[in-house]
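Q: I would like to learn how to read a structure step by step. Could you take me through it, giving the general idea before each case?

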Amino acid sequence: QVQLVESGGGVVQAGDSLRLSCKASGRTFNTTAMGWYRQAPGKDYEFVASIVWNVGSTYYADSVKGRFTISKNNAENTMYLQMIGLKPEDTAIYYCAAADMDYGRQYQYRVQPGYRYWGRGTQVTVSS
């Protein structure tokens, strides 16, 4: 089992920045990728970004490309999401997810079934 804990959410104004963190613990040695998803009120889960653990390849949703940066610290089993130029439409609960299988690799780890473990989320609210 892998446990994921997100942190770093908060209430900011449009144009501000935030950095989210996701700390993984437990059986992390099989991690193949990690990713960020978000869910706005009344909407479905939306892919935000993913990172392949061993090579560091990164992928982004078009809506956040150029504003968000996903990164990782292997030694600390921690993933980050640096967000700049935040917009009100970025308001959502942000979830981190971890994969320990290769199923998601063909989809650049953009699809939810590619992940086995999920955190409980951290709220990001961007006011206009």
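Q: How exposed is Asn-77, and what is its relative accessible area?

A: Before any value is read, note that this is a predicted model, in which local features need pLDDT of at least 70 and side-chain atom pairs count only at pLDDT 80 or more, while totals for chains, interfaces and linings use all residues. Residues are numbered from 1 along each chain as its sequence is written, and side-chain values use heavy atoms, with hydrogens and water left out. A residue is called buried under 20% relative accessible area, exposed over 50%, and partly exposed in between, with a 1.4 Å probe and protein chains only. Asn-77 has a relative accessible area of 24%, so it is partly exposed.

Q: Where does Asn-77 lie, and what is its phi?

A: Most residues other than glycine have a negative phi. Asn-77, although not a glycine, has a positive phi of about 50°, and it lies in the loop between strand S7 (68-73) and strand S8 (78-83). Strands here are DSSP runs of E with at least two residues, helices are runs of H or I with at least four, and both are numbered from the N terminus. Gln-108 also has a positive phi, of about 60°, without being a glycine; Gln-108 is found in the loop between S9 and S10 and is partly exposed, with a relative accessible area of 30%.

Q: Which residues are in contact with Tyr-59, leaving aside its neighbours within four places in sequence?

A: Contact means that heavy atoms come within 4.5 Å. Tyr-59 is placed in strand S6 (residues 58-60), and, with those sequence neighbours left aside, its contacts are Phe-47, Val-48, Ala-49, Ser-50, Val-52, Gln-108 and Arg-110.

Q: How many disulfides does a search of the whole structure find, and which residues form the pair?

A: A disulfide is a pair of cysteine sulfur atoms within 2.5 Å. The search of the whole structure finds one, formed by Cys-22 and Cys-96 with their sulfur atoms 2.0 Å apart. Cys-22 lies in strand S3 (residues 18-26) and Cys-96 in strand S9 (residues 92-99), so the pair ties together parts that are 74 residues apart in sequence. The torsion about their S-S bond is about 45°, which means that the disulfide is right-handed. Cys-22 and Cys-96 are both buried.

Q: Is Gly-119 buried or exposed?

A: Gly-119 counts as buried because its relative accessibility is 10%. Gly-119 lies in the loop between strand S10 (117-118) and strand S11 (122-127), and, apart from neighbours within four places in sequence, it is in contact with Leu-4, Glu-6, Tyr-95 and Cys-96. One of these, Cys-96, belongs to the disulfide.

Q: What does the secondary structure of the chain come to, and how does the radius of gyration compare with the globule rule?

A: The chain has zero helices and 11 strands. The radius of gyration, taken over C-alpha atoms, is set beside a globule rule of 2.2 Å times the number of residues to the power 0.38. For this chain the radius is 14 Å, close to the 14 Å that the rule gives for 128 residues, so the chain is as compact as a globular protein of that length. Along its principal axes, the C-alpha trace spans about 40 × 25 × 25 Å, and 44% of the 128 residues count as buried.
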